[in-house]
Amino acid sequence: KTQKITLKNFINNSGGKKPESTSRKCWTEYATTAKDIVYINVGSISKEGMDSTIKQNLSAKGIIFDFRTYPNHFASTDLFSEYLSEKVNTFAWMSRNSKATPGSYKLIMKSETGKENTNYFKGKIAVLVNEETISHGECCVMAYATSPNTKVIGSTTAGADGNIGYFYLPGKTLIIYTALGAYYPNWEICQRDGIKIDIAAYPTLKDMQEGRDVWIEAGIKYILDD
């Protein structure tokens, strides 16, 4: 039979005020500060803001980095090395097609992050991901995953890591494609498959109806569990 129903959109709610289009709880409703947990949305915080937030909370019980949005800056370089790493780590290999021999690929670089550092953040780190974690965000998550006491929490990411290339077809049709191969250090592929998940978090229909953010809940549980 034909019937009319009204549904609310289930969108990422990263601001301090709940938009009318979603019933999902905002992160502030989880009282992370009272639990000695720092919450950082990488899509809305500035590089300077992220620097000062981490620096002022090096003794916190845990940090939640929310990568369910596109990062505002390349968060895996100097800030990661300064505060979140105890040593240099290789987090990805990159390959590129050879112009000299079309159809073949070669390794062009290994991506490293971190430095020898004894004054790094020693609490637990939860990195939240979902299908909106894409490209540059996935690269950052691969770097963050090398930090001690870090778990990647969430659901399958876009699987579109690596720089883009483009060319035009007749009729000025622009084609954009992934121009670099991106792999974990053991050559495990992340393109198409997505980032490796340590703790799965998938909202059920009931979770949506109740407005629960199961990603943040899983992150809090991981940090608070002994």
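**Rings, a patch and an enclosed helix**

The charged end of Lys122 sits over the ring of Tyr120, 4.3 Å from the ring's centre. A charge gets this label if NZ of Lys or CZ of Arg is within 6 Å of the ring centre and within 35 degrees of the ring normal. Lys124 does it too, lying over the face of Tyr222 at 4.8 Å from the ring centre. The model here is predicted, so local features need pLDDT of at least 70 and side-chain atom pairs count only at pLDDT 80 or more, while totals for chains, interfaces and linings use all residues. Residues are numbered from 1 along each chain as its sequence is written, and side-chain values use heavy atoms, with hydrogens and water left out.

As for the overall picture, the chain has five helices and ten strands (DSSP runs numbered from the N terminus, H or I with at least four residues for helices, E with at least two for strands). Its C-alpha atoms fill a box of roughly 65 × 55 × 30 Å, taken along the principal axes. Of the 226 residues, 43% are buried; buried means under 20% relative accessible area, exposed over 50%, and partly exposed in between, using a 1.4 Å probe and protein chains only. Among contacts (heavy atoms within 4.5 Å) with a separation of 6 or more, 69% join residues 24 or more positions apart.

Back to rings: the structure holds seven aromatic pairs. Rings of Phe, Tyr and Trp (its six-membered ring) pair if their centres lie within 6.5 Å, with planes under 30 degrees apart called stacked, over 60 edge-to-face, and the rest tilted. Phe65 and Tyr144 make an edge-to-face pair, because their ring centres are 4.9 Å apart and their planes stand at 85°. Since Phe65 lies in strand 2 (residues 62-66) and Tyr144 in helix 3 (residues 136-144), this pair ties together parts that are 79 residues apart in sequence. Both Phe65 and Tyr144 are buried. Phe167 and Tyr177 are tilted instead, because their centres are 6.0 Å apart and their planes meet at 55°. Phe167 is partly exposed at 39% relative accessibility, and Tyr177 is partly exposed at 38%. Ring pairs also link Phe65, Phe67, Phe80 and Tyr144 into a cluster.

Helix 3 itself is largely enclosed by the rest of the structure, because nine of its nine residues are buried. One of these is Glu138, which is in contact with Gly159. Gly159 is found in the loop between strand 6 (150-154) and strand 7, and counts as buried because its relative accessible area is 10%. Leaving aside neighbours within four places in sequence, Gly159 also contacts Cys190, Gln191, Arg192 and Gly194.

On the surface, Ile164, Tyr166, Tyr168, Leu174 and Ile176 form a nonpolar patch with about 590 Å² of accessible area together. Such patches take residues with over 30% relative accessible area and no salt bridge, joining nonpolar side chains (Val, Leu, Ile, Met, Phe, Trp, Tyr) within 5 Å and like charges within 9 Å. A salt bridge is a side-chain nitrogen of Lys or Arg within 4 Å of a carboxyl oxygen of Asp or Glu. Strand 7 (164-169) and strand 8 (173-178) each supply at least two patch residues, and strand 7 gives the largest share, three residues. Tyr166, in strand 7, counts as exposed because its relative accessibility is 58%.

Definitions and conventions. Accessible areas come from the Shrake-Rupley method with a 1.4 Å probe; for residues, only the protein chains shown count as cover.
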